[in-house]
Amino acid sequence: MAGLYIHIPFCVRKCAYCDFLSFPQAEAQRELYLSALGEEIRLAGRLFPAQGYETVFVGGGTPSILEPGEVRTLFQTLRQSFSILPDAEITLECNPGTLSQEKLEEYRASGVNRLSLGLQSAEEKLLQEIGRIHSFPQFLDSFRMARQAGFGNVNVDIMYGLPGQDKAQFLSTIEQVAALGPEHISAYCLILEEGTPLHERVGRGETRLPHEDAIWDMEQEGRAALAALGYARYEISNYAKKGFACRHNMNYWENGPYLGLGLGAHSAMRLGGWRRWENTRELESYFQAIKAGRLPIQHQERIEEKEEMFECLMLGLRMLKGVDRAAFQARFGRDLCAVYPEAVEALCAIGWAEVQPDAFMLTEAGLDMENSALLYFLED
Ligand code: SF4
């Protein structure tokens with residue numbers, strides 16, 4: 001299993017809470033970027049070992065900001081440079097307010113078979129508060145157009161812990177979204193990131209976030225509501241109908257190989273040993289590297305086996321199914337429970353983890369405390 005990630009860093013405008021690598025686009029800059037990205041894809045296609053990719057994820061930013069012809073060219077270049085398996089999961093991230101029927105038809109024609117729609121909330125006031133560019137009716141319109149274009153695998157992103165949000169509003173968003181029947185729902189807690197306008201507003205006392213007890217209630221009741229509506233939780237923040245867990249993200253959490261292309265994209269792959277690298281986050285350096293015929297890599301590191309094992313745990317324990325013991329054994333030649341005997345025993349003793357013949361997983365209580373649970377493994 002290997003995944004391809006493509007980063008499109010442009011957005012219509014920056015949301016108040018966002019610290020992703022994204023910025024408002026200028027058309028000329030977008031054209032230059034797409035041309036450089038095409039070069040990087042061709043270069044990477046020649047340099048990296050040939051393998052069949054089972055997932056492609058075009059993320060951002062707002063990839064749906066691109067014109068239909070630009071998306072077509074992007075996928076043509078990807079298919080000419082890499083072997084993308086016929087049954088690959090191919091996702092494109094979209095924002096309501098940037099979609100049209102024509103764009104969606106083009107995505108289908110280009111082989112995109114999964115859409116991820118960023119809604120965040122069904123409350124107009126909250127959407128404005130966090131600086132989203134769209135309204136709830138625009139989201140409904142986007143969802144309807146996606147179905148009309150034939151998309152049978154759609155994710156909707158929603159958020160809790162938003163400024164001024166209460167539990168009833170979050171539960172109402174869940175109900176209104178679930179009523180549409182998307183195959184997948186991601187429910188993220190707002191993280192107040194330094195350097196964002198929202199962080200400054202909160203710092204000046206102009207905006208208040210919900211109290212942590214209220215956030216806890218939203219999380220717990222939201223989780224129960226999603227379960228009652230047929231969405232099974234399979235990762236800390238991700239819920240899906242049966243058979244619709246995101247394969248691309250599952251590969252990340254299984255610490256599988258992926259190749260990231262585009263500004264600031266990350267990669268991990270076994271080349272000799274397990275290696276990670278990331279592309280430059282500066283647009284000018286990105287253009288210069290591509291112009292010079294080089295991959296725009298800014299930093300790379302070889303991951304030692306001990307760290308690789310810990311990464312497998314750190315990522316795998318995010319999933320409800322936990323870490324696959326046979327896969328761990330095949331990768332490292334040792335059983336996970338024999339590598340971390342004290343941590344496994346201690347976590348099981350306090351009810352945060354469970355050992356089963358085929359997996360080691362956190363319980364619901366352990367998942368709520370994932371960061372603390374991981375500390376046990378650092379001590380081994
Ligand atoms: S649309 Fe997404 S990537 Fe773009 S600014 Fe908003 S949160 Fe950030």
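Modeller: Ala, Val, Leu, Ile, Met, Phe, Trp, Tyr, Cys and Pro count as nonpolar, Asp, Glu, Lys and Arg as charged, and the others, Gly among them, as polar. This is a predicted model, in which local features need pLDDT of at least 70 and side-chain atom pairs count only at pLDDT 80 or more, whereas totals for chains, interfaces and linings use all residues. Residues are numbered from 1 along each chain as its sequence is written.

Colleague: Which residues surround the ligand?

Modeller: With a C-beta atom, placed from the backbone, within 6 Å of a molecule counting as near, the ligand is surrounded by Cys11, Lys14, Cys15, Cys18, Phe20, Ser22, Gly60, Gly61, Thr62, Asn95 and Gly118. By class, this shell has 4 nonpolar, 6 polar and 1 charged residues.

Colleague: What is the peptide bond from Gly60 to Gly61, cis or trans?

Modeller: Most peptide bonds are trans. The bond from Gly60 to Gly61 is cis, with omega near 20°, and Gly61 is found in the loop between β4 (52-60) and α2 (helices, H or I of at least four residues, and strands, E of at least two, are DSSP runs numbered from the N terminus).

Colleague: What is the phi of Gln120?

Modeller: Most residues other than glycine have a negative phi. Gln120, in strand β6 (residues 114-120), has a positive phi near 80°. Gln120 is also buried, with 24 other C-beta atoms within 10 Å (20 or more count as buried, 12 or fewer as exposed, and in between as partly exposed, with C-beta atoms placed from the backbone).
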